[in-house]
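Welcome! Please take a moment with the sequence and the 3D view below, and then we will walk through the fold together.

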Amino acid sequence: MATKNFCKAPECEMHTFVLHVGLRGNHSDEKIEALKAELAVFLKTQPENSRNIQPSLKQHLVGFLNVLLDRINTLVWVDKIGSSFFIVISVQDGKNMVVWALHQSLNRLRHQASKVVGQFLTDREQVPLLELPKVLEEDVKDFIPTHGE
């Protein structure tokens, strides 16, 4: 029998996106964090099953990045892979960025707990220091965002 989520509060969401920056060019930490925050807000406000999310995400990011990076010729490529997104941002001066927005299900208590713990960590190497049960370590690692090189 399928369960229905009757809770509509943000803390009751049954999915999230974990953002990973794989390539950051030479953009400052502030710009990378602003991009990640904008992307997180956009993905949170869109229905999970929206058919138009890919083109609207691309259009939204182009407008946001043109202001953030003070550039006119910013190109954005968005590829939807399952429920996740692979985003390539090409900047006029060649300082490109690559971002993954990985869809994570929160339909189990262990996923929700792993998300909360992962949000407070900055490196996957910190997980063993927490002395968590081994079955939870990989789940927690999945929720630790990366910031690229």
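Two strands count as paired if DSSP finds at least two bridges between them. Helices (H or I, at least four residues) and strands (E, at least two) are themselves DSSP runs, numbered from the N terminus. With that in hand, strand β3 (residues 84-90) is joined to β4 by five bridges, and these strands run antiparallel.

Before going further, a word on the model: it is predicted, so local features need pLDDT of at least 70 and side-chain atom pairs count only at pLDDT 80 or more, while totals for chains, interfaces and linings use all residues. Residues are numbered from 1 along each chain as its sequence is written, and side-chain values use heavy atoms, with hydrogens and water left out.

**The overall plan**

The protein has four helices and four strands. Along the sequence they follow the pattern β-α-α-β-β-β-α-α. Of the 149 residues, 32% are buried (under 20% relative accessible area, where exposed is over 50% and partly exposed lies in between, with a 1.4 Å probe and protein chains only). Counting contacts (heavy atoms within 4.5 Å) between residues at least 6 apart in sequence, 57% join residues at least 24 apart.

**The sheet**

The four strands form an open sheet in the order β1-β4-β3-β2, with antiparallel pairing. β1 and β2 (75-81) stand at the edges with a single partner strand each, so one side of each has no neighbour in the sheet. On average, neighbouring strands here are turned by 15 degrees against each other, direction ignored. Strand β1 (residues 15-23) pairs with strand β4 (residues 97-105) in the antiparallel sense over eight bridges. Within that pair, Val-18 has Leu-102 of β4 as its bridge partner. Phe-86 has Trp-100 in β4 as its bridge partner, and Val-88 stands opposite Val-98 in β4.

**The helix pairs**

Two packed helices are described by the angle between their axes and the distance between the axes. Axes are lines fitted to C-alpha atoms, for helices over the stretch in contact, and angles run from 0 to 180 degrees between N-to-C directions.

| Helix pair | Angle | Axis distance |
|---|---|---|
| α1 (residues 29-45) and α2 | roughly 150 degrees | within 11 Å |
| α3 (residues 109-119) and α4 (residues 134-142) | about 60 degrees | 8 Å |

The angle makes α3 oblique to α4, whereas α1 and α2 are roughly antiparallel to each other. Here angles under 35 degrees count as roughly parallel, over 145 as roughly antiparallel, 65 to 115 as roughly perpendicular and the rest as oblique.

Where do α1 and α2 meet? Among the residues of α1 in this contact are Leu-35, Leu-39 and Phe-42, and those of α2 include Leu-57, Leu-61 and Phe-64. The contact of α1 with α2 divides into eleven nonpolar, two polar and two charged residues. For these classes, Ala, Val, Leu, Ile, Met, Phe, Trp, Tyr, Cys and Pro count as nonpolar, Asp, Glu, Lys and Arg as charged, and the others, Gly among them, as polar.

In the other pair, Arg-110, His-111, Ser-114, Val-117 and Gly-118 of α3 meet Val-135, Leu-136, Asp-139 and Val-140 of α4. That contact divides into four nonpolar, three polar and two charged residues.

**A residue in a loop**

Finally, look at Leu-69, in the loop between α2 (53-68) and β2. Is Leu-69 buried or exposed? Leu-69 counts as buried, at 2% relative accessibility. Leaving aside neighbours within four places in sequence, Leu-69 is in contact with His-27, Lys-31, Val-91 and Met-97. Leu-69 and Val-91 are 22 residues apart in sequence and 8.6 Å apart in space, C-alpha to C-alpha.
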